[in-house]
Amino acid sequence: MHLFRKKEILRCCNCDIVLNHKYKSKPEWEMQGFLCSSCHIEKTKEFILRQQDQKEKLKHARNICTVCKKELPLESDKNKARWQWNMEHSSILCKSCFEKKAQEYEKKLNYCNLCNNRLGFIRYNPKPKWNIEGQLCRRCWDKQREIRH
Ligand SMILES: [Zn+2]
Ligand SMILES: [Zn+2]
Ligand SMILES: [Zn+2]
């Protein structure tokens, strides 16, 4: 029989040992309750490793060309996609994919989509129902209108 109110026994939420000294788990560990010192050390290590692992993975994703998936270990191999290209903001491209994209974009911007002639200052947008991407020169635009009329 206990005459005194039994002191609440705290157990380590990881190994179930009765705690003399309790250690708080960190919120980011997503555990409930307290830990013994050895579990606390264990969990701290585990969490640091997990964080490093995630960082490593993230770094790895940033080391791959978004287009051809080639590895880009060198900082100088990485080319950020231009915002005009309509790619994901964080896209990293290898040199050749970057140049290809730049060329494609340049072409779309400066050349007639049908005859490949360089567009002058005035350019013509194809009508949506024509289903033509990019822009057209005057001649091709007139021709399209004639054909499709
Ligand atoms: Zn423990
Ligand atoms: Zn590439
Ligand atoms: Zn044209």
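**View 1. How the chain splits into domains.** The chain is divided into domain 1 (23–53) and domain 2 (111–149), with bounds that come from an automatic or database domain assignment. Taken over C-alpha atoms, the centres of domain 1 and domain 2 are 64 Å apart. Keep in mind that this is a predicted model, where local features need pLDDT of at least 70 and side-chain atom pairs count only at pLDDT 80 or more, while totals for chains, interfaces and linings use all residues. Residues are numbered from 1 along each chain as its sequence is written, chains are lettered from A and ligands numbered from 1 in the order in which they are written, and side-chain values use heavy atoms, leaving out hydrogens and water.

View 2. Donors here are N, O and S atoms within 2.8 Å of the metal (3.2 Å for Na, K and Ca); water is not among the atoms, so sites may look incomplete. Cysteine 15 sits in the segment before β1 (23–24) and cysteine 39 in helix α1, so the pair ties together parts 24 residues apart in sequence. Helices (H or I, at least four residues) and strands (E, at least two) are DSSP runs, numbered from the N terminus. Cysteine 15 is partly exposed at 38% relative accessible area, whereas cysteine 39 counts as buried at 7%. The cut-offs: buried is under 20%, exposed over 50%, partly exposed in between (1.4 Å probe, protein chains only).

**View 3. The zinc ion (ligand 2) and its cysteines.** SG atoms of Cys65, Cys68, Cys94 and Cys97 lie 2.3 Å from the zinc ion (ligand 2). Their angles run from 101 to 116 degrees, which makes this arrangement tetrahedral. The donor residues follow C-x2-C-x25-C-x2-C. Cysteine 65, in the loop between α1 (37–61) and β3 (79–80), and cysteine 97, in helix α2 (residues 95–110), link distant parts of the chain, 32 residues apart. Both cysteine 65 and cysteine 97 are buried.

**View 4. Nonpolar cores.** The largest nonpolar core has 9 residues, including Cys65, Trp85, Cys97 and Phe98. Such a core is a set of buried Ala, Val, Leu, Ile, Met, Phe, Trp, Tyr and Cys residues joined through side-chain atoms within 4.5 Å. β4 (92–93) and α2 are the elements giving it two or more residues. Apart from this core lies another, of 8 residues, among them Cys112, Leu119, Ile132 and Cys137.

Key. Tetrahedral: all angles 85-135°; square planar, octahedral: opposite > 155°, others 65-115°.
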